[in-house]
Amino acid sequence: MKNVLITGGAGFIGSNFVRYLLEHEPGVHIVNLDALTYAGSLENLRNLPDPARHTFVQGDIRDRPLVDMLIEKHKLDTIVHFAAESHVDRSIAGPAAFIETNIIGTFQLLDAARAAWMDGRAARPGVRFHHVSTDEVYGSLGPDDPPFTEQTPYSPRSPYSASKAASDHLVRSYAHTYGLPVTISNSSNNYGPNQFPEKLIPLMILNGLRGKRLPVYGDGRQIRDWLHVTEHCEAIRLILKSGVVGETYNIGGGNQPTNLSIVKQICALLDERFPESPHCPHERLIEFVADRPGHDLRYAMDTRKIRSTLGWQPRQTLAAGLRETIDWYIGHLDWLKAVDEQGDYQLWITENYAQRG
Ligand code: NAD
Ligand code: TYD
């Protein structure tokens with residue numbers, strides 16, 4: 001791994017990965033290709049360690065001539081593919097962009113890698129295409145079902161998860177048909193610094209701070225597995241270094257809170273941090289709103305494969321991670337102003353569900 005293309009590196013996980021790789025791989029040069037959609041921002045790339053080893057290119061992964069040019073010009077040997085439309089609610093409101101970026105975009109990247117790296121079925125030595133995917137491709141679990149393993153059949157149920165499943169299938173087809181050296185990781189829900197405030201945890205922190213309502217969909221009993229973004233980055237780097245080509249690795253935080261319990265934990269942490277706030281107790285702000293159509297009940301990950309083969313395991317507890325994440329947002333309200341184009345912290349999802357609820 002010398003010259004690495006990171007797609008979507010101005011988004012939440014991608015920007016954390018750029019930072020992580022610059023810190024941990026002193027020999028690596030990064031080309032960061034990102035279209036800067038609503039979810040991407042150069043604010044996420046401020047104060048990088050060793051910025052001389054990072055080249056930002058604003059562009060679309062579907063732009064094949066651009067991708068071909070970048071692979072050739074920068075002698076790219078590794079692609080770590082994060083770029084995607086990533087928000088389930090947006091995929092329900094407007095699925096087209098998910099098909100374009102997640103399916104067509106992944107296809108264009110794979111095909112560019114094949115053209116540049118493959119000679120017949122033989123790949124140039126040392127090349128790797130790593131695809132970043134999600135637990136949502138496996139579908140939804142009942143309360144007592146065992147967690148998803150790498151063998152769980154795909155059963156995506158939202159336009160977002162269906163588009164990610166399609167991209168995973170394309171990646172495997174390029175490995176099987178053309179011999180492209182790929183790895184795939186399927187991670188559970190991430191949280192941590194730089195997450196755009198449309199997703200559950202930052203939305204609740206920022207609405208709570210401002211005394212706005214905390215919209216819990218349905219009865220709030222849905223369950224996710226939450227992973228701190230830095231631990232996700234750690235797992236991806238390990239897969240790049242020691243993962244077996246052609247393999248898939250599940251990554252998860254090993255916890256199973258309900259959405260309502262997460263929101264209550266955030267409220268309690270805000271009460272503790274701001275005992276003088278007029279919004280205490282923050283739980284008063286919780287409001288049950290209309291449920292998400294087709295809402296998946298539960299995701300859970302069996303991570304024995306990555307634990308036993310690569311020695312990765314999550315270490316941070318959700319309670320510690322939430323506390324740290326709240327501190328990060330409090331310390332970066334200027335970041336919030338900069339990434340929120342509407343200026344008034346007017347969070348898309350709150351408005352959307354206010355109309356539906
Ligand atoms: P994000 O929405 O924060 O960032 C996505 C980035 O991709 C943005 O910077 C955006 O500008 C860029 N992008 C979008 N369309 C593009 C295009 N056509 N060309 C180039 N760039 C484009 O997403 P995230 O939460 O950081 O997720 C990153 C990846 O991880 C995604 O593939 C997602 O499916 C996967 N994932 C996310 C989570 C999670 O909890 N956030 C969990 C598991 C897997
Ligand atoms: P989200 O962060 O959108 O991630 P995903 O849908 O990919 O898991 O949502 C996490 C959970 O929180 C999901 O069950 C939907 C729920 N949720 C709410 O109850 N209220 C909200 O305002 C948001 C954004 C999500």
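Student: How far is the sulfur of Cys 267 from the closest cysteine sulfur?

Tutor: In this predicted model, the sulfur of Cys 267 lies 9.7 Å from the closest cysteine sulfur, that of Cys 280, which is too far for a bond. A disulfide here is a pair of cysteine sulfur atoms within 2.5 Å, and a search of the whole structure finds 0 of them.

Student: And is Cys 267 buried or exposed?

Tutor: Cys 267 counts as buried, because its relative accessibility is 1%; buried means under 20% relative accessible area, exposed over 50%, and partly exposed in between, with a 1.4 Å probe and protein chains only. Cys 280 also counts as buried, at 19% relative accessibility.

Student: Before we go on, how are things numbered, and what counts in a predicted model?

Tutor: Residues are numbered from 1 along each chain as its sequence is written, while chains are lettered from A and ligands numbered from 1 in the order in which they are written. Because the model is predicted, local features need pLDDT of at least 70 and side-chain atom pairs count only at pLDDT 80 or more, whereas totals for chains, interfaces and linings use all residues, and side-chain values use heavy atoms, with hydrogens and water left out.

Student: Switching to the ligand, how many residues surround ligand 1?

Tutor: There are 28 residues around ligand 1, and the closest are Ile 13, Asp 34, Ser 86, Tyr 160 and Lys 164; a residue is included if one of its heavy atoms lies within 4 Å of the molecule.

Student: Which backbone atoms lie by its oxygen atoms?

Tutor: A backbone N or O atom of Phe 12 is 3.1 Å from an oxygen atom of ligand 1, one of Thr 37 is 3.0 Å from an oxygen atom of the ligand, and a polar backbone atom of Asn 190 is 2.8 Å from a ligand oxygen. Taken alone, ligand 1 exposes 840 Å², of which the protein buries 97%; these areas come from the Shrake-Rupley method with a 1.4 Å probe.

Student: What about the core, which residues have the most contacts inside it?

Tutor: The largest nonpolar core has 27 residues, and those with the most contacts inside it are Ile 201, Leu 214, Val 263, Ile 266 and Ile 286. Such a core is a set of buried Ala, Val, Leu, Ile, Met, Phe, Trp, Tyr and Cys residues joined through side-chain atoms within 4.5 Å.

Student: Which element gives the largest share of this core?

Tutor: That is α8, with 7 residues; helices (H or I, at least four residues) and strands (E, at least two) are DSSP runs, numbered from the N terminus.

Terms used
Polar contact = N/O pair within 3.5 Å; in protein donor to acceptor, adjacent residues only side chain to side chain.
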